[in-house]
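Let's take a walk through a protein together, one residue at a time. Keep the picture in view as you read, and look up each name as it comes along.

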Amino acid sequence: MADGFITEAFEKFDRQWALVTAGVEGDFNTMTVSWGGLGTLWSLPVATVYVRPSRYTHDFIEREGLFTVSFYPEKYRRDLALLGSKSGRDGDKVGGTSLEPVTITTQLGQTVSFRQAELTLVCRKLYKHNMDKYAISDEVAENNYEHGEPAHTLYIGEVIRVIKS
């Protein structure tokens, strides 16, 4: 039983993917991520996500104090693929999917997820770190970063609310 839970936790990002969303309804952006983690830090439940500085969602996470990490049933895989391949800078990419944005209100403010999510983690941004590409092993850097491309920004958010459908 424990092995199944551990395997599921590791596969949540890698195989199922997730959406990271920041902003408020009418002014938000979302993107698909396959890198992330769940755990405990500073005695708090946390979610960690990695976002390239070039991504439009990066601007929203930088600006906002809250973000969501949401997971979806397999039938929404095509929508997540589209959200990971198009930029919100170029237009309404969410409009090209079957996903419906919903406002989530907390004591700390509002943020956005989607009605179709089977699990949404509402996170309060606690920490960010711009990864140093030169501190990454050569093999990992070669496989993940093009010539001169900056490494990801790591964001750690305290999970302040869990919404399960």
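Start with Arg-124: setting aside residues up to four places away in sequence, Arg-124 touches Gly-65, Leu-66, Leu-108, Ile-156, Gly-157, Glu-158 and Ile-160. Do keep in mind that this is a predicted model. You will find Arg-124 in strand E8, which covers residues 119-130. Sequence distance and spatial distance are two separate things here, as Arg-124 and Thr-68 show: they are 56 residues apart in sequence, yet 8.7 Å apart in space, C-alpha to C-alpha. Is Arg-124 buried, exposed or partly exposed? Its relative accessible area is 31%, so Arg-124 is partly exposed, since that label covers values between 20% and 50%.

Now move to Ser-113, in strand E7 (residues 109-114). Ser-113 counts as buried because its relative accessibility is 1%. Who surrounds Ser-113? Beyond its neighbours within four places in sequence, Ser-113 is in contact with Thr-68, Ser-70, Tyr-72, Glu-100, Pro-101, Val-102, Ile-104 and Thr-120. With Thr-120, the side chain of Ser-113 makes a polar contact of 2.9 Å.

Next, look for rings. A pair of aromatic rings is described by the distance of the centres and the angle of the planes. The model has four aromatic pairs. Among them is the pair of Phe-28 and Phe-114, which is edge-to-face, with 6.1 Å from centre to centre and 65° between the planes. This pair links distant parts of the chain, with Phe-28 in strand E2 (residues 27-33) and Phe-114 in strand E7, 86 residues apart. Both Phe-28 and Phe-114 are buried.

Trp-42 sits in the loop between strand E3 (36-41) and strand E4 (44-51), while Tyr-127 belongs to strand E8, 85 residues apart. Trp-42 is exposed because its relative accessible area is 53%, whereas Tyr-127, at 35%, counts as partly exposed.

Methods:
Residues are numbered from 1 along each chain as its sequence is written. This is a predicted model: local features need pLDDT of at least 70, side-chain atom pairs count only at pLDDT 80 or more; totals for chains, interfaces and linings use all residues. Side-chain values use heavy atoms; hydrogens and water are left out. Helices (H or I, at least four residues) and strands (E, at least two) are DSSP runs, numbered from the N terminus. Buried means under 20% relative accessible area, exposed over 50%, partly exposed in between (1.4 Å probe, protein chains only). Contact means heavy atoms within 4.5 Å. A polar contact is a pair of N or O atoms within 3.5 Å; within protein, one must be able to donate a hydrogen and the other to accept it, and residues adjacent in sequence count only if both atoms are side-chain atoms. Rings of Phe, Tyr and Trp (its six-membered ring) pair if their centres lie within 6.5 Å; planes under 30 degrees apart count as stacked, over 60 as edge-to-face and the rest as tilted.
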